[in-house]
Amino acid sequence: MTPDAEFGYELLVCRYAELSWHPSEGPRPALVARQLGTRERRWDTVVIEVDPAAFERRRAFGERTIDSDLLHVVRGAPPEWTWYRDALPDPGYPWRYVRQAVHRAAGRDLIEKRRDGNRIQIRRVRPYPDWVERIVAVENKPDLDRSAADRLAEQLGHDIETGLADEAWLATETTGERVEPALLRELPVEAGILATDFSAGVDADAVDVAWHPSDLAPGSGERRDAETETLRLEIAERAYGKGWRSFHDTMRPDCRHFELRREGRALVPYCAAKEKVPTARECSGSCKEFSPEPPQWRTKGWPIEGGPGKGLTALLERRRERERDRIAPAGDD
Ligand code: SF4
């Protein structure tokens with residue numbers, strides 16, 4: 001199976017995680033995103049388990065990702081007006097880049113800034129909360145074969161070494177059959193295994209825990225160094241801003257063949273011309289079968305402003321918002 005063909009499966013796993021996290025420990029508030037990680041390691045599905053009250057305080061900073069440069073400023077901004085070079089930790093790169101990030105952060109109302117002579121002072125608007133509890137990586141291998149198992153063992157070995165994730169799972173499609181025991185023996189014992197059967201759509205019953213995971217870095221709360229903590233926060237921030245429905249950013253919902261189809265409780269993209277779930281790579285600007293929405297779809301009678309493409313994009317964005325709302329504690333603040 002080519003990596004591209006795993007795309008549809010990945011979306012179903014993401015939706016499952018959103019509906020039913022945690023697979024063996026009972027409900028936990030969590031955000032789900034896909035295709036995130038570091039330069040060395042990209043995870044298929046990423047689940048960020050959050051502290052709901054702190055998550056609500058994070059939402060006060062807005063709906064967009066706070067990227068690594070901005071995080072440096074936002075986390076370090078003091079309660080009282082201070083010259084930014086006194087307030088922030090040494091960045092390890094030229095201060096002029098920090099100054100740019102200060103302007104960007106102030107432009108997004110993440111901090112306040114003012115000028116004192118020729119010095120720029122900053123002050124926080126509110127403290128940046130400690131909202132990330134655990135980070136869980138899920139690798140999606142609908143067809144688990146020997147080479148996929150070998151690759152996975154290597155990747156999970158890397159995860160254990162770096163301590164970036166707290167837990168790792170493999171999700172594999174079984175359609176009623178057991179996962180091949182010989183392949184399971186190839187995998188690191190620390191990784192949990194989700195046996196999925198999405199033939200009847202996505203819900204909690206579609207997934208069995210075939211193997212329970214263990215903590216990748218037990219007691220890691222104290223042991224992680226500041227650099228790893230920052231890296232984890234950067235991943236969590238990207239997950240927050242991106243979610244897993246952002247496929248509409250790179251795909252072509254403005255193509256007349258693009259549809260969203262229901263698979264149980266999940267909505268996945270569908271190409272009516274190719275009669276399948278298109279991969280993100282093929283459903284792009286270079287697709288030979290791309291055909292723009294006729295202009296009259298946009299103007300006459302279509303119930304959503306801007307035509308079906310814009311409507312689908314808005315729908316996916318609303319869903320992401322709804323999931324964020326669901327995490328917030330009831331009646332808080
Ligand atoms: S025809 Fe191409 S661009 Fe249009 S929905 Fe299908 S894959 Fe996407």
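Glutamine 35 is partly exposed, having 17 other C-beta atoms within 10 Å; a residue is called buried if 20 or more other C-beta atoms lie within 10 Å of its own, exposed if 12 or fewer, and partly exposed in between, with C-beta atoms placed from the backbone. The model is predicted: local features need pLDDT of at least 70, side-chain atom pairs count only at pLDDT 80 or more, and totals for chains, interfaces and linings use all residues. Residues are numbered from 1 along each chain as its sequence is written.

Glutamine 35 belongs to strand E1, and its phi is positive, about 55°, although the residue is not a glycine. Helices (H or I, at least four residues) and strands (E, at least two) are DSSP runs, numbered from the N terminus. Aspartate 109, also not a glycine, has a positive phi near 60°. Aspartate 109 counts as exposed, with 10 C-beta neighbours inside 10 Å.

The peptide bond from tryptophan 21 to histidine 22 is cis, with omega near 10°.

| Residue | Loop between |
|---|---|
| Histidine 22 | helix H1 (7-20) and strand E1 (30-37) |
| Aspartate 109 | helix H5 (95-107) and strand E4 (111-116) |

Which residues come nearest to the ligand? Of the 13 residues around the ligand, these are Cys255, Cys271, Cys283, Cys287 and Glu289; a residue is near a molecule if its C-beta atom, placed from the backbone, lies within 6 Å of it. The shell comprises eight nonpolar, one polar and four charged residues. Here Ala, Val, Leu, Ile, Met, Phe, Trp, Tyr, Cys and Pro count as nonpolar, Asp, Glu, Lys and Arg as charged, and the others, Gly among them, as polar.
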